[in-house]
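Let's take a friendly walk through a protein model. Have a look at the sequence and the 3D view first, then read on.

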Amino acid sequence: LDWQLLPAHRDQISTLQNDKVIVREEQLSIFLNRLTYPIYFLDYETYAPGIPIFDGTQPYQQIPFQYSLHILKSPNSRLEHREYLHTEHSNPIIPLCKKLRMDIGNYGSVVVWNKGFEGKCNRTMAEFAPEFNDFLLDVNSRFFDLMEVFSKRMYVHKDFKGIASIKKVLPVLVPDLSYR
């Protein structure tokens, strides 16, 4: 049989057969050169209760209650860490937005893993807290999705098994770290 494989499948088979990583240096360089300083590395933690516990929310709506933010102000600066964790029994959206607004400046790249998810979190918070609409949508416009390096096959490793999930990528690239 003469199979017509998609490029992603051909890459995966090549990495398995040759036991070599595929690195598309030119694509990767172009991609990474889009970054502008300061660079913000943002990650939300959410929960999605089946029964809404806050007015104005819906069943299974992802509600951010925590973020981790690392800031690299210039290529040679030290990485700074900021965070927010909502610990009260109240809706976390407005306090989280207030703190995030203090922590993220008006320019620079915002690096995320899976801009679809993080962007949806921002759009949801903007709907709930319209006073943060412009800020949150601006953050979305500055997103730099690190997952694209792997989903667009700029870097292909056999142990990713064709999947661009951080749960597959991180253990291969940084075995000492885990994502659980």
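What relative accessible area does glutamate 80 have, and is it buried, partly exposed or exposed? Glutamate 80 comes out at 23%, so it is partly exposed. Here, buried means under 20% relative accessible area, exposed means over 50%, and partly exposed is in between (1.4 Å probe, protein chains only).

A quick word on the ground rules. This is a predicted model, where local features need pLDDT of at least 70, side-chain atom pairs count only at pLDDT 80 or more, and totals for chains, interfaces and linings use all residues. Residues are numbered from 1 along each chain as its sequence is written, and side-chain values use heavy atoms, with hydrogens and water left out.

**The overall picture**

The protein has seven helices and seven strands (DSSP runs numbered from the N terminus: H or I of at least four residues for helices, E of at least two for strands). Along the sequence they come in the order α-β-α-β-β-β-α-β-α-α-β-α-β-α. The C-alpha atoms fill a box of roughly 60 × 45 × 30 Å along the principal axes. Of the 180 residues, 36% are buried. Take the contacts (heavy atoms within 4.5 Å) between residues at least 6 apart in sequence: 63% of them join residues at least 24 apart.

**A charged network**

Side chains of opposite charge can pair when their charged atoms come close. A salt bridge is a side-chain nitrogen of Lys or Arg within 4 Å of a carboxyl oxygen of Asp or Glu, and by this rule the count comes to seven. Three of them are in the table.

| Glutamate 80 | Arginine 82 | 2.8 Å |

Aspartate 103 lies in helix 3 (residues 93-103) and arginine 82 in strand 4 (residues 80-85), so the pair ties together parts that are 21 residues apart in sequence. Salt bridges that share partners join Lys73, Glu80, Arg82, Lys99 and Asp103 into one network. Within it, aspartate 103 is buried at 7% relative accessibility, while arginine 82 is partly exposed at 26% and so is lysine 99 at 24%.

Now for aspartate 145, found in strand 6 (residues 143-145). Leaving out residues up to four places away in sequence, aspartate 145 touches Phe31, Val112, Trp113, Asn114 and Lys115.

Trp3, Leu5 and Ile13 make a nonpolar surface patch of about 320 Å². Residues in a patch have over 30% relative accessible area and no salt bridge, and nonpolar side chains (Val, Leu, Ile, Met, Phe, Trp, Tyr) are joined within 5 Å. Isoleucine 13 belongs to helix 1 (residues 7-18) and is partly exposed at 35%.

Conventions. Patch = residues over 30% accessible without salt bridge, like charges linked within 9 Å, V, L, I, M, F, W, Y side chains within 5 Å. Areas by Shrake-Rupley, 256 points an atom, 1.4 Å probe, with all protein chains shown as cover.
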